[in-house]
Amino acid sequence: MASLLSSSSSTISRLTLLRKPSLHYSIKTLQKFHGHRKLSKLILPFLRASTNYVPFSSRPKAQTANSFGQDEELVVLGIETSCDDTAAAVVRSSGEILSQVVSSQAELLVRYGGVAPKMAEEAHSLVIDQVVQEALDKANVTEEDLSAVAVTIGPGLSLCLRVGVRKARKLAGAYALPIVGVHHMEAHALVARLVEKQLQFPFMALLVSGGHNLLILAHDLGHYIQLGTTIDDAIGEAYDKTAKWLGLDMRKSGGPAVEELAREGDENSIGFKVPMKQHKDCNFSYAGLKTQVGLAIESKNIDASIPIASASSEDRRARADIAASFQRVAVLHLEDKCERAIEWALKIEPCIKYLVVSGGVASNQYVRSRLNKIVEKKGLQLVCPPPSLCTDNGVMIAWTGIEHFRMGRYDPPPAACEPEDALLDLRPRWPLGEEYAEGKSEARSLKTARLHPSLTSLIQASIQQQP
């Protein structure tokens with residue numbers, strides 16, 4: 001573990017734990033009464049040289065939230081560029097969303113039939129300044145009103161992550177703001193705590209998006225057990241490919257397009273096989289279902305180059321039947337794994353009351369309704385953020401930044417003149433939690449994906465190092 005922790009260390013954009021949080025609050029209080037920039041010049045040399053800041057991988061146990069004095073209201077800017085949406089938001093620690101701005105790359109998705117990393121990076125670069133400024137303007141705040149900047153550092157596409165991290169560090173450096181590196185999937189889970197005030201740890205979460213399927217038991221902030229994960233393709237990827245092959249309008253993205261067409265079809269018309277029925281674990285696989293859909297489309301002689309709007313009534317019905325049959329089986333796979341995961345989680349934490357379902361696919365009403373039946377059967381309550389907070393957004397990043405900031409997990413302000421070619425700590429493949437022993441998979445993809453120590457292992461290692 002020591003070698004893993006040391007290899008993950010970087011001087012750029014790490015989560016960091018603050019020994020004496022009162023120092024930061026003293027500085028922020030002084031900043032309110034004196035010129036921010038002027039004070040920054042006086043205080044930052046001391047702040048950066050202070051031994052108060054210790055790298056996350058070697059820092060003992062974090063300060064508790066209470067030591068921060070939660071009466072002090074935080075205002076945090078969140079920046080998200082992990083995939084194909086450029087997003088920013090400003091959120092108060094009270095949970096008030098001051099602004100939310102998202103710039104979609106829908107046209108690029110249509111043009112390239114999915115996410116093209118280099119094109120996505122360029123699109124992020126073109127709009128990132130505008131999106132962040134609009135978020136500040138809509139919130140009626142300036143950079144000097146902010147307590148910190150939170151930004152996604154992984155998992156995601158490295159080219160896209162880089163754009164958001166560079167922007168966050170440039171802004172934080174210019175205005176002497178602490179910076180919080182955020183785990184994208186943790187943010188999907190924690191945003192539910194912003195909208196559902198009763199949601200306390202421990203709880204379960206199913207995170208379903210274009211690139212990830214993840215079942216976790218959330219013990220505490222930064223402490224997660226991975227009950228199941230994607231071993232090849234995620235459900236969102238399967239929805240997108242099915243939509244593309246059926247000639248649907250990708251500007252809506254694959255999930256909504258398939259769900260809409262599926263309402264016209266017979267979900268029992270095609271006998272797709274539910275993936276991994278023989279595996280008694282909680283992992284997900286959608287590659288085989290994608291293959292089944294492709295073969296069904298081929299057998300029906302469906303031409304994806306003909307848009308659904310131009311299809312004959314017979315052709316449209318055939319496409320609707322495939323969409324409905326695919327959706328039924330795709331969600332059955334979720335149901336099977338969720339039911340088993342709930343049983344496992346209740347063995348570990350019998351007091352669990354909630355299952356959070358979040359991520360882009362959680363916007364799907366069919367998915368919500370089917371999962372709600374499973375959750376009720378197990379005596380739990382389903383918590384789903386509103387659709388605007390299920391898809392990638394800046395609010396979830398800002399809120400997760402607030403949660404960790406309260407615990408003292410953040411970096412000091414970057415250098416105001418940081419070079420453009422500075423090495424950035426980006427974590428394209430970054431596990432959230434440690435695998436549950438009963439659910440360990442020998443899938444090769446799971447092994448090669450672990451390029452960074454999990455967020456949980458980093459935090460738990462730092463706690464264990466406490467004298």
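Which ring does the charged end of Arg427 sit over? The ring of Trp430. The distance from the charged end to the ring centre is 4.6 Å. Keep in mind that this is a predicted model.

Let's turn to the aromatic rings. How many aromatic pairs are there? The count comes to four. I will show two of them.

The cut-off for buried is under 20%. Phe203 is buried too, with a relative accessible area of 0%.

Next, Phe405 and Tyr410. Their ring centres lie 4.2 Å apart. Their planes meet at 10 degrees, so this pair is stacked as well. Phe405 counts as buried, at 0% relative accessibility. Tyr410 is buried, also with a relative accessible area of 0%.

Now the helices. Two packed helices are described by the angle between their axes and the distance between the axes. Take H8, residues 235-245, and H10, residues 287-299. Their axes are 10 Å apart. The packing angle is about 10 degrees. H8 and H10 are therefore roughly parallel to each other. The cut-off for that term is under 35 degrees.

Which residues make the contact? From H8, they are Glu237, Ala238, Lys241, Thr242 and Trp245. From H10, they are Lys290, Val293, Gly294 and Ile297. What kinds of residue are these? Four are nonpolar, two are polar and three are charged.

Last stop: Ala120. Where does this residue lie? Ala120 is in helix H5, which covers residues 117-139. Is Ala120 buried or exposed? Buried, with a relative accessible area of 1%. Now look at what surrounds Ala120. Leaving out residues up to four places away in sequence, Ala120 touches Cys83, Gln105, Val115 and Cys160. Along the sequence, Ala120 and Thr81 are 39 residues apart. In space, the C-alpha to C-alpha distance between them is 9.3 Å.

Find Arg427, with its charged end over the ring of Trp430. Find H8 and H10, roughly parallel to each other. And find Ala120, buried, in helix H5.

How values were computed:
Residues are numbered from 1 along each chain as its sequence is written. This is a predicted model: local features need pLDDT of at least 70, side-chain atom pairs count only at pLDDT 80 or more; totals for chains, interfaces and linings use all residues. Side-chain values use heavy atoms; hydrogens and water are left out. Axes are lines fitted to C-alpha atoms, for helices over the stretch in contact, and angles run from 0 to 180 degrees between N-to-C directions. Helices (H or I, at least four residues) and strands (E, at least two) are DSSP runs, numbered from the N terminus. Angles under 35 degrees count as roughly parallel, over 145 as roughly antiparallel, 65 to 115 as roughly perpendicular and the rest as oblique. Contact means heavy atoms within 4.5 Å. Ala, Val, Leu, Ile, Met, Phe, Trp, Tyr, Cys and Pro count as nonpolar, Asp, Glu, Lys and Arg as charged, and the others, Gly among them, as polar. Rings of Phe, Tyr and Trp (its six-membered ring) pair if their centres lie within 6.5 Å; planes under 30 degrees apart count as stacked, over 60 as edge-to-face and the rest as tilted. Buried means under 20% relative accessible area, exposed over 50%, partly exposed in between (1.4 Å probe, protein chains only). A charge sits over a ring if NZ of Lys or CZ of Arg is within 6 Å of the ring centre and within 35 degrees of the ring normal.
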